[in-house]
Amino acid sequence: MRHPKLPGLLLLAGAIALTGCTDSSSDDAPKPDYRLAILHINDHHSNLDESDASLRLRTGSDDTRTSVPIKLGGFPRVATAIAELSARHDNVLKLHAGDAITGTLYYTLSEGEADAALMNRVCFDALAVGNHELDSGDAGLRTFIDHLWSAPDCPTPVLSANLAPRAGSPLGGDSVRPSVVLERGGERIGVVGLTTAAKTQNASRPDPGTRLLDEVGAAQGEIDRLRAQGIDKIVLLSHLGYAQDQAIAAQLAGIDVIVGGDSHSLLGDDSLKTFGLAPVGAYPTAARNKDGDTVCVVQAWQYSAVVGELEVLFDGDGEVKSCSGQPHILIGDRLGTLQGDALAAARADLATQPALRITAPDTAASTVLAEYAEQVKDFGAELVAVAQQNLCLRRVPGTKRDASRSKLDGCNLDPHVIAHGGDVQQLVAEAFLRQGQRFGGADISLQNGGGVRVDLAAGPVTVGHIYTVLPFKNTLVALRLTGAELRATLEDAMQSVVAGNTGSYPYAGALRWQVDLRQPRGQRIAALEHRNAQGQWVALDDAATYRVITNDFIAAGQDGYTTLGTLAADRREETFLAYADAFLQYARQTPTLTRPASADFSTQVFADTE
């Protein structure tokens, strides 16, 4: 059990002296319970607009369910939900668990200004540094922080206890802090930020010399520092991932709540599955810390679609007595084209599921967004191609890893996607191969699955779609690799996937393989074949040298592609072609985009660890 805070004891003694009370038994009177509400989001990734989705709803008197189109999320709905939910509680924290930026044209055009403007409508009490906050280096994060702090009445603290900026970094001073202490209802709450270390160091772009320290050691050090000040209510604002949050809880003493991000995890009751949603755990999820005390773990899915509402009851010693709450999935009030009895039945069905919250967009936030939306519309409206079918997103084949990132109906259960992986990732690899041939020729292309961000829906494809698929500021690099080095590179990537970084999964043009993740490192890739200039598939020659076109990010050894990082400078050639522009040029040259032939998919056979 923890000791009561010293300030509380002093206040109690003062009260006794003022009343003249001499009954020493009142010294032992327990402090009352304390309720704290935490409203939170994570991983909105510059997704500020509402999106199209569907729910399986009852539209009649029987149990038959119909897929009904809806509008999902959008930051103006986040603003409404947080304002309305805040009014329910006396003591409220508003937290963002990281990856606020990168992912749509809003970030491409404004470098986080649009995100900051919308976030300041909410005015979060703290933001954790996510790995994607460092995609444009230390200076890129500093630019976003400057935008975030441009509202003088809302200087949201930006937190990471394990981010150690290089000497002279733009992130010096107090731009990123390890923690913040917030007072609500006379009680102090410590909020400690934490950033996924390996993924950020290897799969993002912090400046050389900027380091991500061990998560457990950094978090415990900051927790201990806060507890030494008498702060006995500690929230970890974590960008580690749902599984990692549960694991780290058991390694930390003095932690009460973990508000997480990174894994894009939808938590909630299993009854959500009947509506076509796929929660991966309970909201909240109960864990135990190193002391054996209760820890409440929560996360709020992705892309401005959910606001989590967690209520924590602390006893007088600052220990968690109970935690409860609800994810609020934000939807519009229009349910497709339903009318009459069908509409009434669907609305009655929605009313049975408290997690599905019909929410009107906040008017002021919508006005702010409209200014940026006009810029995005002008830039992205040019038509460049037509997708013949849905081109599905999937980082890793199979169903165990990353199986729910697609926003398109049917993609997550598509047998071809399960067997071979993402259509859009494979198409990007084919596009890079073709564009690489403009720069001295290319035998093979290589792209990490996480560098491709969204599906392409059947129908018109615009400039905006292309830059949303590939939102980062990468360029293409030509490398000279032996077949043996290519094999080692693929094994590197698979090791990163097994370690939990699904974004490392490789896609290639003119290279295909079989994968068995059950095998030990170095033996997971088999039947490695190259499509030669004659279009024939032949065994990759370990001794031969191949010209490989890839993005500069993994070419530098990032995202687990360590072998590529060892290549000497004379084996690298920078094309200076933006990778998004390479895909744009391909789309313009191939006005009808379609799923590549199955035989050309890089993954031919896939076996997972289970």
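This is a predicted model: local features need pLDDT of at least 70, side-chain atom pairs count only at pLDDT 80 or more; totals for chains, interfaces and linings use all residues.
## Ground rules

Local features need pLDDT of at least 70 and side-chain atom pairs count only at pLDDT 80 or more, while totals for chains, interfaces and linings use all residues. Residues are numbered from 1 along each chain as its sequence is written, and side-chain values use heavy atoms, with hydrogens and water left out.

R487 sits in helix α14, residues 483-498 (helices are DSSP runs of H or I, at least four residues, numbered from the N terminus). R487 counts as partly exposed because its relative accessibility is 26% (buried is under 20% relative accessible area, exposed over 50%, partly exposed in between, with a 1.4 Å probe and protein chains only).

Setting aside residues up to four places away in sequence, R487 touches L528, L540 and D542 (contact means heavy atoms within 4.5 Å). With D542 there's also a side-chain polar contact of 3.0 Å (a pair of N or O atoms within 3.5 Å; within protein, one must be able to donate a hydrogen and the other to accept it, and residues adjacent in sequence count only if both atoms are side-chain atoms).

## Q426, tucked into α12

Now for Q426, which belongs to helix α12, residues 423-436. Its relative accessibility is 0%, so Q426 counts as buried. Beyond its neighbours within four places in sequence, Q426 contacts Y507, A508, P596, D600, F601 and S602.

## Where α4 meets α5

The axes of α4 (residues 113-122) and α5 (residues 137-148) come within 8 Å and cross at roughly 35° (axes are lines fitted to C-alpha atoms, for helices over the stretch in contact, with angles from 0 to 180 degrees between N-to-C directions). From α4, the contact uses E113, D115, A116, M119 and N120; α5 brings F144, H147 and L148.

Note on methods: Helices (H or I, at least four residues) and strands (E, at least two) are DSSP runs, numbered from the N terminus.
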